[in-house]
Amino acid sequence: MPKNNFGIPENLLSQIRLRDKECVYCRKTMIYPFVRTKQRDCATIEHLHFDGPFHWSDELQADDIVLCGGSCNSSRGVK
């Protein structure tokens, strides 16, 4: 059962974590699993399509997402 808002199966998310060990934007090493007191440095899921799909059941693919640090993800807004 997926533990993320995008519905990505855990086995595929594990593969993406192996691929993206550093933030794809600033290249800083990220923390996983999530630690609330260090959320700026934790790995977060970033979808690359503005118009979707945003959920795995809607045909979101591994190539449609990357992992980035919480601070980079939140600073991007709708960019």
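How many disulfides does a search of the whole structure find? The search finds 0, where a disulfide is a pair of cysteine sulfur atoms within 2.5 Å.

This is a predicted model, in which local features need pLDDT of at least 70 and side-chain atom pairs count only at pLDDT 80 or more, while totals for chains, interfaces and linings use all residues. Residues are numbered from 1 along each chain as its sequence is written, and side-chain values use heavy atoms, with hydrogens and water left out.

**View 1. Cys 23 and Cys 72, in no disulfide.** Seen from Cys 72, the nearest cysteine sulfur is that of Cys 23. Cys 23 is buried at 0% relative accessibility (buried means under 20% relative accessible area, with a 1.4 Å probe and protein chains only). Cys 72 is buried too, at 13%.

**View 2. Asn 4 and its polar contacts with Phe 6 and Ile 8.** The Asn 4 side chain reaches the backbone nitrogen of Phe 6 at 3.1 Å, and one of its polar atoms lies 2.9 Å from the backbone nitrogen of Ile 8. A polar contact is a pair of N or O atoms within 3.5 Å; within protein, one must be able to donate a hydrogen and the other to accept it, and residues adjacent in sequence count only if both atoms are side-chain atoms.

**View 3. The surroundings of Asn 4.** Asn 4 is buried, with a relative accessible area of 15%. Leaving aside residues up to four places away in sequence, Asn 4 touches Glu 10, Leu 13 and Ile 45 (contact means heavy atoms within 4.5 Å).

Methods: Buried means under 20% relative accessible area, exposed over 50%, partly exposed in between (1.4 Å probe, protein chains only).
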